[in-house]
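Here's a quick briefing for anyone opening this structure for the first time. Have a look at the model, then read on.

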Amino acid sequence: MLNSESIKKSFSLGIKEFSTIIPIYVLLILGFALIDGFLRLLFMINTTLMIIVGIILIFPFIAYARLVIISVVEKLIKT
């Protein structure tokens, strides 16, 4: 359970480092949009293929996005 201090710390870090954090989120959103567009094209070809390729693409991308966000936040906390 998070206490109010860690929530305050998170919001203050997000506000102070907004210009550093926002490009990361924009790139991640563009990555998800690119995968979504590719999967929509695959849906027109074959639904089963779309599901298989979607699982292969989305889960690693989610894991990578999480690692990127965590590493950036840890670097910002250290500075």
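The protein has three helices and zero strands, and its pattern along the sequence is α-α-α. Helices (H or I, at least four residues) and strands (E, at least two) are DSSP runs, numbered from the N terminus. This is a predicted model, where local features need pLDDT of at least 70, side-chain atom pairs count only at pLDDT 80 or more, and totals for chains, interfaces and linings use all residues. Residues are numbered from 1 along each chain as its sequence is written, and side-chain values use heavy atoms, with hydrogens and water left out.

**Overall shape**
- The C-alpha trace spans about 50 × 30 × 15 Å along its principal axes.
- The radius of gyration is 17 Å, while a compact globule of 79 residues would come in near 12 Å; the radius is taken over C-alpha atoms, and the globule rule is 2.2 Å times the number of residues to the power 0.38.

**The aromatic pair**
- You'll find one aromatic pair here; rings of Phe, Tyr and Trp (its six-membered ring) pair if their centres lie within 6.5 Å, with planes under 30 degrees apart stacked, over 60 edge-to-face and the rest tilted.
- The ring centres of Phe-32 and Phe-61 are 4.7 Å apart with planes at 85 degrees, so the pair is edge-to-face.
- Phe-32 sits in helix α2 and Phe-61 in helix α3, so the pair ties together parts that are 29 residues apart in sequence.
- Phe-32 is partly exposed at 33% relative accessible area, whereas Phe-61 counts as buried at 19%.

**Around Ile-35**
- Ile-35 lies in helix α2 and is buried, with a relative accessible area of 11%.
- Setting aside neighbours within four places in sequence, Ile-35 is in contact with Leu-57, Ile-58 and Phe-61 (contact means heavy atoms within 4.5 Å).
- C-alpha to C-alpha, Ile-35 and Phe-61 are 9.3 Å apart in space, and 26 residues separate them in sequence.

**Lining of the largest cavity**
- Ile-21, Ile-24, Tyr-25, Ile-69, Val-72 and Val-73 line the largest cavity (a cavity is a set of points on a 1 Å grid over the protein atoms alone where a 1.4 Å probe fits but cannot get out, and lining residues have an atom within 4 Å of a point).
- The elements giving two or more residues to this lining are α2 (18–45) and α3 (47–78).

Technical notes
On a 1 Å grid over the protein atoms alone, a cavity is a set of points where a 1.4 Å probe fits but cannot get out, and a pocket is an open set with protein on both sides within 12 Å along at least five of seven lines; lining residues have an atom within 4 Å of a point. Buried means under 20% relative accessible area, exposed over 50%, partly exposed in between (1.4 Å probe, protein chains only).
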